[in-house]
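I opened this entry to record what I looked up, one place at a time. The notes follow the order in which I went through the model.

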Amino acid sequence: MAYKSYCWKLGTTSFRMVEFNRKIERQLDLLDKFWSLPENTSVNWSSNSPLQERYYLFMKENNFIENKDAPRKDKDARQKTSGLVDLGLIDEERRLTDAGKALLAISKSGNFAGDNIFGIAGDSYIYLKQLMKLSYPFDNGPVRPFLVLAYALLELDKLSKDEFKYLLPLITDSGKAQYIIDCIRKVRDGILTVDDIITEVVMSLSEYQVALSEFMDATVIDESVIDSIAMNRKSTIYNQGYLLLYHAFEKGRSCWTNDAVKELYDAVYSLSGKAQTYWKAYLFKNTTASGVTKLGTKALRLGNPIFAAKTEDTFRKVFFTTMHLFKAKSLLDDYYDLNRRYFKTCDAILFQDDTVKFDILPDCYFTIIQPDILRLAFTEDENLYRDCTLEEMDDAFGVQEWEILNKAQEKYGQFFESKNDIQKYVDAERQARFNKLIDTKFTDEVLINLLTLFEERDDNKHQEDKKIQEIVTDNADAPTIFEYVLAISWHKISDRRGNILASMNLSLDADLLPVTHAAGGHEDITYMYSASKAYPAHTLLLEVTLSSKTNQRRMEMEPVSRHMGDYIIAHPRENAYCLFVASYLHINVIADFRQRKTYTYYSDDGTKSLSGMKIITLDTGNLKTIIKKHRKYEDLYAVFEDAYNSSQYNGDPKSWYENEIVAKL
C-alpha cells in the first residue's frame, strides 16, 4: 500500500535551521545576489542540476553552509530553498516574489519596527500575512494551517502542547475541523485520549482499512506483507524491524520466557526513530537493556492490549493499529518543531508553559473575523506571492481599528480610548510575562551558568553555543543571547525598575525570547533611571561584547567611545555614562576607556564637543560576583562613581581597575 498524507506540516524537515529568521533573511539576500549575476539572470532553475549546484557552491562561498560538502549539491540547494517556496517568499523558480522582496527590504534596512493592526514588527507582519495565505493540497481540497490553528484557538481558547502537536495537524477539511475540536473537548473531560483520536483518524482512511484486511487475511506474515502494510513514506528498509517485532511476539505470546522477552526487546531496539521509544514505553516497565535483562518477564507491561489479546485475529489488529499509531506519533513529533518554528515567525502566537494561544491584539483581530475563518481555511489564496494588504487577501480580513478597540474592551474589561491605550495594556502584560519568564527560566543559577558558558566560548565556540541555545533559544546567535542575558541580569540587579523591554534594542519574539536578524542592529542597552536616594536621574548605556581576546581592541575601543560620545552630544541635558561588559577584558581596552575621562570628543562636523566620558569596565566574572553576592544597582552606582572620580592609580589603569572596581565588588 502507498503512503498517503493524513496531516499537514509547514515547510520541510530539510529546512529546519537554528537562527531561523536570520537564515530566511540571509537566504533571500543570497538568492537576490545569485540571480543578479550575469551568468544566471536568464537561466531557469527547474530541472537544471548544474545551476542548482552552482547555487549550493554560492551559499558555501558566502558561509551560509559550514559543514562538509553535501553528496548531492543540487538536491541540497533545492532543500535549502524549499521552505521559502512554501512561504511564498520565492517562487518555484527560486526568484524572489514581491512578498520576499518586501521582507528583504526590511532586513536590509535593519528597521523592524512596524505600524499595523496586530502591534507586531514589520517582518513579523509579512510572515503573518504569508501564513494566513499559505495552503497545502489534500485529496478533499486545500488547507490553510494557520487559519486552522486560528479556528482551534478561538473555539478552545488555547491548545496544550500535545493537542497542538498531535491533533491540530490532523485537521485537513471542514468535517475534521469540528470532529477534532469536539474530540479535544472530550480529551479534556477525560472521555478520550490523544492516542484514541490519532488511531481513529488514521484507521478511518480507506488505504489503512485495505492494509488491515490484507494483514488479517495473510496466511504467513513475511517481508512482503510487512512491506505492503507498513506504508512507509521512505525506503522499505525501515520495515525490517517490524517483521522482527512480529516474529518475537509469535515466539513469546503462548508463554513468555526471559529469553523471549530479551528477543522482544532486541526487536524493538531495531526500530528506527521515535517509534522505537514509543514501543519501549508501551511494552516494558524498564526501557533499558540492562533493566529488561535483570527483570526478565517482570519487565513486561502485561496489562496492555497487545499482551492481553487471546486470539490471533485480535493480536494482529492490535499489532497493526499500535504500529500505525506509533508511526503517526513519530511523524507528528518530527513535524512539531517545524510547525512551531514557522508559526513563531509571525509573533502572533504564544508558546509558553506547554500551551499555545494568541497574543492579545491578534486574539482580538481573529475573534472579529471568526465567522469567516472556517470558510477560508479550506480554500487557496492566489495572493501568496504578493505583498498585499489584509483587505486584498479577503474582504473579511479588513478589520478596522475601532473594531479592535471594542473587542479589546469586551474581552479584557478595560476601557481603551485609542490604539495607544491598548498598546500600553499590551506592554504592561508583556512586562508581567517577562518578569515571570525571568523567575522561571532565568534564575540566578541559570544566569551564572550562562555567563560561564560565554566565558568558555573561545576554547570551543560551537559546543558552547549549542549549550547556550539549548538553554535560551536556537533562534538567536550567541552575541544576541549574550546581550539578552546581560539585560536580564542588569534588570534583576536594578530591582526590576523601569521598562526592561523598552531598554533592550533587541528583537524579541512573542514569547519574549531574542531573535537574530541578518542585518543586525544596535549593540547597546539603554537604561533610564529616575532619581532616588542613592543616585540622581541618569542614563546608563550598557555596551556588551563577545569579541575574542585577539580582536577586542580593534572591534570595541573606537565604536564604544564613539557611541557614548554621540549619545551625550545628542542628549546634552542627560546625565549619562557607559558600562562596558565583556566575557574577557583586554587590558588595553580597560586603559583606553579609563583615559576617556580626560578625552575631548567632537561631533562629526566639529561644531559640538564634550570633555571627558565616564566608561566603566566589567567582565563576566565581575558580573557573576555581583549576582552571587546579590549586589544591587543602588549600591553599585556609588562604587562606579567613586572609581571614576578616584585620583589614585593615575597613569596605571590596570591597578585602577583591580583596586577600584574588582576589589570593591
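I began with Asp359, which I found in the loop between β5 (355-358) and α18 (360-368); helices (H or I, at least four residues) and strands (E, at least two) are DSSP runs, numbered from the N terminus. Asp359 counts as buried because its relative accessibility is 8%, where buried means under 20% relative accessible area, exposed over 50%, and partly exposed in between (1.4 Å probe, protein chains only). Setting aside neighbours within four places in sequence, I listed Ala348, Leu350, Glu429 and Arg433 as the contacts of Asp359, contact being heavy atoms within 4.5 Å.

**Basis of the numbers.** I note that this is a predicted model, in which local features need pLDDT of at least 70 and side-chain atom pairs count only at pLDDT 80 or more, while totals for chains, interfaces and linings use all residues. Residues are numbered from 1 along each chain as its sequence is written, and side-chain values use heavy atoms, with hydrogens and water left out.

**Arg433 and Glu429.** Two of the contacts of Asp359 are Glu429 and Arg433, and I looked at how these two relate to each other. Their side chains meet in a salt bridge at 2.9 Å, N to O, a salt bridge being a side-chain nitrogen of Lys or Arg within 4 Å of a carboxyl oxygen of Asp or Glu. Both residues lie in helix α22 (residues 419-441), 4 residues apart, which is about one turn of the helix. Arg433 is buried, with a relative accessible area of 11%, whereas Glu429, at 23% relative accessibility, counts as partly exposed.

**Other salt bridges.** How many salt bridges does the structure hold? I recorded 49, and I wrote beside this that side chains of opposite charge can pair when their charged atoms come close.

I then took the pair of Arg341 and Asp474, whose closest N and O atoms are 2.6 Å apart. This pair links distant parts of the chain, with Arg341 in helix α17 (residues 312-344) and Asp474 in the loop between α24 (461-471) and α25 (478-493), 133 residues apart. Arg341 counts as buried at 10% relative accessibility, while Asp474 is partly exposed, with a relative accessible area of 23%.

Next I looked up Glu634, which forms a salt bridge with Arg497, the closest N and O atoms being 2.8 Å apart. Glu634 is in helix α30 (residues 633-645) and Arg497 in the loop between α25 and α26 (500-503), so the pair ties together parts that are 137 residues apart in sequence. Glu634 counts as partly exposed at 37% relative accessibility, and Arg497 likewise counts as partly exposed at 37%. I also noted a network of salt bridges that links Asp29, Asp32, Lys33 and Lys108.

**α8 against α9.** At what angle do helix α8 (residues 174-188) and helix α9 (residues 194-203) pack? I recorded about 155 degrees, with the axes 10 Å apart; axes are lines fitted to C-alpha atoms, for helices over the stretch in contact, and angles run from 0 to 180 degrees between N-to-C directions. The two helices are therefore roughly antiparallel to each other, a label given to angles over 145 degrees. The contact is made by Lys176, Tyr179, Ile180, Cys183, Ile184 and Val187 of α8 and by Val194, Ile197, Glu200 and Val201 of α9. By class, this contact has 8 nonpolar, no polar and 2 charged residues; Ala, Val, Leu, Ile, Met, Phe, Trp, Tyr, Cys and Pro count as nonpolar, Asp, Glu, Lys and Arg as charged, and the others, Gly among them, as polar.

Not counting residues up to four places away in sequence, Val201 touches Leu170, Lys176, Tyr179 and Ile180.

**Ser124.** I found Ser124 in helix α5 (residues 122-133), and at 3% relative accessibility Ser124 counts as buried. Apart from residues up to four places away in sequence, Ser124 touches Thr345, Cys346 and Asp347.

**Whole chain.** To finish, I noted that the protein chain has 31 helices and 13 strands, and that buried residues make up 54% of its 665 residues.

Definitions and conventions:
Angles under 35 degrees count as roughly parallel, over 145 as roughly antiparallel, 65 to 115 as roughly perpendicular and the rest as oblique.
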